[in-house]
Amino acid sequence: MVRFGHQVIYPLLIANLEGLVEEPQDLFRSGMGSGNQCVFEHGYKDSYLRSSYRLTILQLSVVIVNYNVKHFLEQCLYSVNAALKQVDGEVIVVDNDSRDGSLEYLQPIFPDVRFIANKENVGFARACNQGLKLSAGDHVLFLNPDTIIPEDCLKKCLDFMATRSEEH
């Protein structure tokens, strides 16, 4: 156990992450919300004992695959951000090598969104899997970029799923 400020951090065993990301700290980049913190304790020599983390589990990860629809995606991200005000979540956008300047246009507008830039169009399914691998939420929503959701949509869906999981 490590004391960090007023919080207590419990070490977790982290499996070898080389297959998922280049560096374990990539999992804790911007876009994970203000309640999440990462603390690295170096000195472990075994690759299975990488670091100690305190990670607040998110309720929801929203994964959106983009290909040349920056204006649709912009409106989608505005609606998702409004809906996430009631939910602890993150947004991951996987861009499939768009040529319309999507990333350059949207990254400054949405600094809390994690953007993944593919160097080629890998297809919708593979891009979804990329987002899924980086997600930290208990639930994952795959959302099309031309979708606008109501502000209470995500909260209502998570509340409904919570009641259903208790029944089964």
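I started at Asn118, which sits in the loop between β5 and α3. I took helices (H or I, at least four residues) and strands (E, at least two) as DSSP runs, numbered from the N terminus. The model is predicted, so I kept its limits in view: local features need pLDDT of at least 70, side-chain atom pairs count only at pLDDT 80 or more, and totals for chains, interfaces and linings use all residues. Residues are numbered from 1 along each chain as its sequence is written, and side-chain values use heavy atoms, with hydrogens and water left out.

**Entry 1**

Is Asn118 buried or exposed? I found it buried, at 9% relative accessibility. My cut-offs were these: buried is under 20% relative accessible area, exposed is over 50%, and partly exposed is in between (1.4 Å probe, protein chains only).

Next I looked up its contacts, meaning heavy atoms within 4.5 Å. Leaving aside neighbours within four places in sequence, Asn118 touches Val94, Asp95, Asn96, Asp97, Ala127 and Gln130.

How far apart are Lys119 and Asp97 in space? I read 5.4 Å, C-alpha to C-alpha, for a pair 22 residues apart in sequence.

Asp97 belongs to the loop between β4 and α2. At 17% relative accessibility, I logged Asp97 as buried. Its phi is positive, near 60 degrees, and Asp97 is not a glycine.

I then checked Asn68, in the loop between β3 and α1. Asn68 has a positive phi of about 60 degrees, again in a residue that is not a glycine. At 29% relative accessibility, Asn68 counts as partly exposed.

**Entry 1: the strands**

I read the order along the chain as β-β-β-α-β-α-β-α-β-α. That is four helices and six strands.

I counted two strands as paired if DSSP finds at least two bridges between them. Which strands pair with β3? β3 and β4 are parallel, over seven bridges. β3 and β6 (residues 137-143) also run parallel, joined by six bridges. Leu60 has Gly89 as its bridge partner in β4, and stands opposite His139 in β6. Ser61 has Glu90 as its bridge partner in β4.

β4 pairs with β5 too, in the parallel sense, over four bridges. There I found Ile92 opposite Arg114 of β5.

I noted that β3, α1 and β4 make a right-handed β-α-β unit. Right-handed here means that, with the strands pointing away from the viewer, the path from the first strand over the helix to the second runs clockwise.

How many residues of β3 are buried? I found eight of nine, so β3 is largely enclosed by the rest of the structure. For β4 I found seven of seven buried. In a regular strand the side chains alternate between the two faces of the sheet. On one side of β4, Gly89, Val91, Val93 and Asp95 are buried; on the other, Glu90, Ile92 and Val94 are buried.

**Entry 2: the cores**

I defined a nonpolar core as a set of buried Ala, Val, Leu, Ile, Met, Phe, Trp, Tyr and Cys residues joined through side-chain atoms within 4.5 Å. The largest has 21 residues, and Ile64, Leu77, Val80, Val91, Val93 and Phe115 touch the most other members. Two or more residues each come from β3 (58-66), α1 (70-83), β4 (89-95), α2 (102-106) and α4 (153-167). The largest share, five residues, comes from α1. I logged another core apart from this one, of eight residues, including Val65, Ile116, Ala127 and Leu134.

I also listed the contacts of Ile64, not counting residues up to four places away in sequence. Among them are Leu73, Leu77, Val91, Val93 and Leu143.

**Entry 3: chain totals**

Of the 168 residues in the protein chain, 38% are buried. Among contacts with a separation of 6 or more, 70% join residues 24 or more positions apart. The chain exposes about 10,100 Å², with carbon and sulfur atoms supplying 54% of it. These accessible areas come from the Shrake-Rupley method with a 1.4 Å probe; for residues, only the protein chains shown count as cover.
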